Amino acid sequence: MSKIRVYELAKLLGKNNKELLEVLTDLGVEVKSHMSSIDTDVAQMVEDALRSPGQGKPASPSKEKEKAGGGTGVFEVAEGATVKDVAVLLGIKPAQAVKALIEGGLMVPADGVVDEKILAVLGKTQNVRLSLVCIEPEEGQDAECTVIKRHPHEGGHMEPRPPIVTVMGHVDHGKTTLLDFIRKTNITAREAGGITQHIGASTVLHEGAKIVFLDTPGHEAFTAMRARGAKATDIAILVVAADDGVMPQTREAINHAKSAGVPVIVAINKIDKPAAKPDRIRQQLSDLGLAPEEWGGKTIMVEVSAKSGEGIPQLLEMVLLVAEMEELKADPTAKPSGVVVEAKLDKGKGSVATVLVQDGTLCRGDVLLFSSTFGKIRAMFDSDGASIDCAGPSTPVEILGLTDVPQPGEVFECVENERIARDVLSAKAQEQRQQQQGSARKLTLEELYSQLKEGDIPQLNLLLKSDVQGSNEALAASLEKLATNEVTISIVHRGVGRIAESDVMLASASNAVIIGFNVRPDANAKRIADAEGVQIRFYNIIYDAIDDVRAALEGMLKPTIREHTLGQAEIRQIIKVPKAGKIAGSYVLEGVIRRTAKARLLRGGVVLWDGSLANLRRFKDDVREVSAGYECGISLSNYQDFEEGDIVEAYEIVEEKRHLS
């Protein structure tokens, strides 16, 4: 019969040695000290005696099965994992695992390393299959192995997913009213399967298909996500009031949507008002590059009334139509990843983040790595506030358990354990410190030419802000005229008023230079511009701005390559020098022969050789150049097959800066 020492049993049961010795004495078992050995059946008696009523009982097989992932599939365990690691994976106490091993005839403590025999016993007790595998440590991960959490991600199973929609537009044009009506309609149909809000995103059911509406991202957050490399939106709904027309924020919204590369559906709102002029809106949007379908364009425009609900069903149908054309798909079996919609610090819950799952299936217990923080999901809630265990692609969820509050727009990925996440963040922080020391900056006008040579800048991106609309239009028109077929100008956005934070974020996302005409940035915008390395140029004379941009574009033009002939020399004598070979004794006929120039050998007007000079001498002295009317000795690089009467022609390659015509 197997035996176990008293101190080992005390460690497994979480008791001190003295307490365990007292229990053994009460049971009539004589032991001398905590180093004494006892039989396994005695150990079972001790555990039964210590178990208080209603506590410490093993969970039912069904519950154990549920904890272990439903008792289906294969759980992979990495080499080097301990019995305690496997117990955590199976959702049981380490003591229960040790007890199961003892009953199976294996004496292994909780910190003992597992092997195939141990896994076979533990798997049999929980009705699951455990497999031992070797995991190669990834970059940034030490060699210590840990248990792989749940089944490995498969990947390669693309399935259609719901579209993610952001509502944008000018203030007071009805964005919130439109969303409220859509929610209200679905709240009414709640029992029929439609669910609603309210964690910064709303999930709407229309004709059996789901649509996810992001509530919080306005223009600034929309562009902040884009600047951080996250595409959180599939479709943008642009709300324009039929009685008001295109406004500055409308133009800004269009630019932001174009910058993000998402299709735009226009909702012409407030058509129930007497002053509504939908065709005027269509004309204004056509001038901005959004031509309506009914006019032969590609932009879907729907007339709606967010107040009465007129046109809302057609709008949702168009969203589903565009989503179908975009062929939105995701892989629910891949490793979970997504983006932060919003985040906050709650006094009771700690760090609370609303995230949008973009790929894979996110489950409670997953360890997530963000750009600035990490954490293990302790709890997860859907858009209705109900606690859930898993969420698939295009699902907005609220999660708890992060160590810090992430920033909106940060992307996340799922990692094996918290140690890996901590190591990655530590390495990233070190890299950021080194970058700050190197003071990396964004594009400046002076750096355009050097970056163009590296192939980084195909065009000059500008963002224009001015004090009045007239000067803004004049400046934009003048700058656009500077573009040619070889160098182009792209004005990513232009507006009136101070340079705001959203302007800086858009410039950062588009790698643009901000041109400020009679305007200045606010304190927050200036701070972000410094942090993001966005250059802001200030002007109060329009011609100064045009001259600077012209100079930048001229620097982007490829220079003209031209050959300039320096002079010619006739070979009149061939001098043979031991160990040095032949030297051409020459007479300079015209111009000048320079030591650093390129040269070609002509015989009867035919080029026999083209290269560079090896030596140029007058008598015994090396010289830099020899002018016409003087004799010299010339050595050609790697060529000696010249004859008397041949002509040596010296020339140089000149790069001439080009100017805009």
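**Ground rules.** I am reading a predicted model, where local features need pLDDT of at least 70, side-chain atom pairs count only at pLDDT 80 or more, and totals for chains, interfaces and linings use all residues. Residues are numbered from 1 along each chain as its sequence is written, and side-chain values use heavy atoms, with hydrogens and water left out.

**Confidence.** I looked up pLDDT, the predictor's confidence in each residue, from 0 to 100. The protein chain averages 78, and 79% of the residues score at least 70. Residues 52-73 are one of them, with 26 contacts (heavy atoms within 4.5 Å) beyond four places in sequence. Residues 135-152 also stay under 50, and there the model has 38 such contacts.

**Whole chain.** I found 18 helices and 32 strands. Both are DSSP runs numbered from the N terminus: helices are H or I with at least four residues, strands are E with at least two. Of the 661 residues, 45% count as buried. Buried means under 20% relative accessible area, exposed over 50%, and partly exposed in between, with a 1.4 Å probe and protein chains only. Among contacts with a separation of 6 or more, residues 24 or more positions apart account for 70%.

The structure holds 2 cavities of 30 Å³ or more. A cavity is a set of points on a 1 Å grid over the protein atoms alone, where a 1.4 Å probe fits but cannot get out; lining residues have an atom within 4 Å of a point. Points are joined across faces, edges and corners, and a volume is the space filled by probe spheres set on them. I took the second largest cavity, at about 30 Å³. Which residues line it? They are Met168, Ala236, Ile237, Leu238, Ala253, Ile254, Ala257 and Val264. The lining divides into 8 nonpolar, no polar and no charged.

**Cores.** A nonpolar core is a set of buried Ala, Val, Leu, Ile, Met, Phe, Trp, Tyr and Cys residues joined through side-chain atoms within 4.5 Å. The largest has 34 residues, of which Ile38, Val77, Val83, Val86, Val114, Leu122 and Leu130 touch the most other members. Elements giving it two or more residues include helix H1 (6-13), helix H5 (83-90) and helix H7 (116-125). Apart from this core lies another, of 26 residues, among them Val204 and Leu316.

**Helix H6.** In H6 (residues 94-103), I noted Ala95, Ala97, Val98, Ala100, Leu101 and Ile102 as buried. Ile102 has a relative accessible area of 14%. Beyond four places in sequence, Ile102 touches Ile4, Thr40 and Met107. Ile102 and Lys3 are 99 residues apart in sequence and 8.9 Å apart in space, C-alpha to C-alpha. After H6 comes Gly105, with a positive phi near 85°.

Lys270 has phi near 65°. Lys270 sits in the loop between strand S10 (264-269) and helix H11 (278-287). Is Lys270 buried or exposed? Lys270 counts as buried because its relative accessibility is 19%. Glu327 has a positive phi of about 55°. Glu327 is in the loop between helix H12 (312-326) and strand S12 (329-330). Glu327 is exposed, at 60% relative accessible area.

Conventions. On a 1 Å grid over the protein atoms alone, a cavity is a set of points where a 1.4 Å probe fits but cannot get out, and a pocket is an open set with protein on both sides within 12 Å along at least five of seven lines; lining residues have an atom within 4 Å of a point. Ala, Val, Leu, Ile, Met, Phe, Trp, Tyr, Cys and Pro count as nonpolar, Asp, Glu, Lys and Arg as charged, and the others, Gly among them, as polar.
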